[in-house]
Amino acid sequence: MGRQDWYAAESSRKVLSRYRTFAVVGCSAKPWRASHDVANYLIDVGYDVVCVNPNESECIVNIPCYPSLFAAAAEHDIEVVDIFRRADQAGIHVDEAIHIGAKAVWMQLGVIDEDAAARAEAAGLDVVMDRCPKIDHPSLPRV
């Protein structure tokens, strides 16, 4: 994988096909927020979702929201860290993803941090950047 691949549909398809557990960092309890919508979509299509937001106790009905990625990782085997934060905050969560042993980082639409993506890739993580799983998932081949 390389810089151009981070933005490619093929990279997102690889992550969506290979991994089942997403930590949604910045998940909101507000149903009109994109993070809430995407987390619900992932659940609806069969992924396990772990919500992370220090300002919420529950983002999705009956799913607890963890105050940090480290707290979430203490109780869940997180494969993908899906980042709904400003681009200038993304690197912090990419570094946390590396530290907890995640398999991939996914930076949402408009969240671009190529230095953080390069760190993740150097640590062996799959990287998707400036894409949305809710948009990309319907294009997966049906089995």
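Rings of Phe, Tyr and Trp (its six-membered ring) are taken to pair if their centres lie within 6.5 Å. In this predicted model, a search of the whole structure finds two aromatic pairs.

**Figure 1. Close-up of the ring pair Phe-22 and Tyr-47.** The ring centres of Phe-22 and Tyr-47 are 5.2 Å apart, and the planes stand at 80 degrees, so the pair is edge-to-face. Phe-22 belongs to strand E1 (residues 21–25), whereas Tyr-47 is found in the loop between helix H3 (34–44) and strand E2 (48–52); the pair therefore ties together parts that are 25 residues apart in sequence. Both Phe-22 and Tyr-47 are buried.

**Figure 2. Close-up of the ring pair Phe-22 and Trp-106.** Here the centres are 6.5 Å apart and the planes meet at 55 degrees, so the pair of Phe-22 and Trp-106 is tilted. Distant parts of the chain are linked by this pair: Phe-22 in strand E1 and Trp-106 in strand E6 (residues 104–107) are 84 residues apart. Phe-22 has 0% relative accessibility and therefore counts as buried. Trp-106 likewise counts as buried, because its relative accessibility is 0%.

**Figure 3. Close-up of the cluster formed by Phe-22, Tyr-47 and Trp-106.** Ring pairs join these three residues, Phe-22, Tyr-47 and Trp-106, into a cluster. Phe-22 takes part in the edge-to-face pair with Tyr-47 and in the tilted pair with Trp-106.

**Figure 4. Close-up of Arg-20 and the ring of Tyr-47.** Arg-20 lies over the face of Tyr-47, at 4.0 Å from the ring centre. The ring of Tyr-47 is also the partner of Phe-22 in the edge-to-face pair.

Definitions and conventions
Residues numbered from 1 in each chain as written. Predicted model: local features only at pLDDT ≥ 70, side-chain atom pairs only at ≥ 80, totals over all residues. Heavy atoms only, no water. Phe/Tyr/Trp six-rings, centres within 6.5 Å; stacked < 30°, edge-to-face > 60°. Helix = DSSP H or I, 4+ residues; strand = E, 2+ residues; numbered from the N terminus. Buried < 20%, exposed > 50% of the residue type's maximum accessible area, 1.4 Å probe, protein only. Lys NZ or Arg CZ within 6 Å of the ring centre and 35° of its normal.
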